[in-house]
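Please keep the sequence and the structure open beside the text while you follow the solutions.

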Amino acid sequence: MRVIFLDLDKTLLGEDYSPEPGRKVVRALVETGFEVVLNSSKTRAEQEYYRKAWNLSSPFIVENGSAVYIPEGYFPSDIVGNSGIKREGYHVIEFGRSYSEIHSALDELAGKYGLKYYGNSSLEEVMVFTGLPEGLARLAIKREYSETVFLWERRGFEVELEARGFRVLQGSRFINVIGETDKGKAAGELLGLYSLMGPVESFAAGDGPNDFPLFEVVDHAYLMGDLRHPKAKNISSVEEILEVIK
Ligand code: MG
């Protein structure tokens, strides 16, 4: 079995967040027999939108490794067993902290550091900060395990958040706050379930430092853009994956 983990922002998605540019590569991978697992900082609601657009029925990993969502019936019941919780048609294995915990911590620091994040922003502000169209902004607001700090008047809040047991990730534009997890931790757990079904060859593609822990747990890694990672092969477009995995 071949499993590929794919990042969304700046890997399968371009600046306009449309599912169209990624459709060809996702469908080609599925038709080649890959299990395509989205592994993104995006929320469950956002990823459900892209999974529907691409006709995917495989598990997916939300909010930077905070939880694995496995559609019920995807794995035989003896494999998923009692791990995780059942919620709305999914078997959910959680690694992160709850959104309410993260939100509360940020609310305590917001005044001191001049913070703006999903939880204290209007829909219109979210659209301005992220560039998301309204429909997708409404899905991004449905957060379960992470916050994104869009604006800050001064730094120092990162240390205070880390002292409370949160992980603070610097992205290209924003700062992401999650529990003690990452994309690699969640992907490793999911690969463990796949391996109970038989031999697994694993792949991953991403563009940012938050994808690096993911690269550590797979057999083959592909890195979009200009960053370097000792294990990853650099590619300039996600379509190149189709060439290198033949
Ligand atoms: Mg990305």
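Predicted model: local features only at pLDDT ≥ 70, side-chain atom pairs only at ≥ 80, totals over all residues.

**Exercise 1. Which residues are linked with Arg87 in a network of salt bridges, and what does its pair with Glu144 tie together?**

Step 1. The search of the whole structure finds 19 salt bridges, and a network of them links Arg44, Arg87, Glu88, Glu94 and Glu144.

Step 2. Between Arg87 and Glu94 the closest N and O atoms are 3.0 Å apart; Arg87 is partly exposed at 22% relative accessibility, and Glu94 is partly exposed at 39%.

Step 3. Arg87 also forms a salt bridge with Glu144, at 3.5 Å from N to O. Arg87 lies in strand β5 (residues 85-87) and Glu144 in the loop between α6 (134-140) and β8 (147-151), so this pair ties together parts that are 57 residues apart in sequence; helices (H or I, at least four residues) and strands (E, at least two) are DSSP runs, numbered from the N terminus. Glu144, at 18% relative accessibility, counts as buried.

**Exercise 2. Determine how β4 is covered and which strands pair with β4.**

Step 1. Five of the five residues of strand β4 (residues 67-71) are buried. On one side these are Ala67, Tyr69 and Pro71, and on the other Val68 and Ile70, which leaves both faces covered.

Step 2. Strand β3 (residues 60-62) runs antiparallel to β4 and is joined to it by three bridges, where two strands pair if DSSP finds at least two bridges between them. Val62 stands opposite Ala67. The two strands form a hairpin with four residues between them, and Glu63 in the turn has a positive phi of about 50°.

Step 3. Strand β6 (residues 90-94) pairs with β4 over five bridges, again in the antiparallel sense. The bridge partner of Ala67 in β6 is Glu94, a residue that also takes part in the salt bridge with Arg87.

**Exercise 3. Identify the protein donors of the magnesium ion and explain what Asp9 and Asp207 tie together.**

Step 1. Donors are N, O and S atoms within 2.8 Å of the metal (3.2 Å for Na, K and Ca), and water is not among the atoms, so sites may look incomplete.

Step 2. The spacing of the donor residues in sequence is D-x1-D-x197-D. Because Asp9 lies in the loop between β1 (2-6) and α1 (20-31), and Asp207 in the loop between β11 (201-206) and α9 (212-217), the pair ties together parts that are 198 residues apart in sequence.

Step 3. Asp9 is partly exposed, with a relative accessible area of 25%, and Asp207 is partly exposed at 21%.

**Exercise 4. Where do the strand partners of β10 stand opposite its residues?**

Step 1. Both faces of strand β10 (residues 175-178) are covered, with Ile175 and Val177 buried on one side and Asn176 and Ile178 buried on the other.

Step 2. β8 is joined to β10 by three bridges and runs antiparallel to it; here Glu147 stands opposite Val177.

Step 3. Strand β9 (residues 167-170) pairs with β10 in the antiparallel sense over four bridges, with Asn176 as the bridge partner of Leu169. β9 and β10 form a hairpin with four residues between them.

Conventions: Residues numbered from 1 in each chain as written. Heavy atoms only, no water. Buried < 20%, exposed > 50% of the residue type's maximum accessible area, 1.4 Å probe, protein only. Salt bridge = Lys/Arg side-chain N within 4 Å of Asp/Glu carboxyl O.
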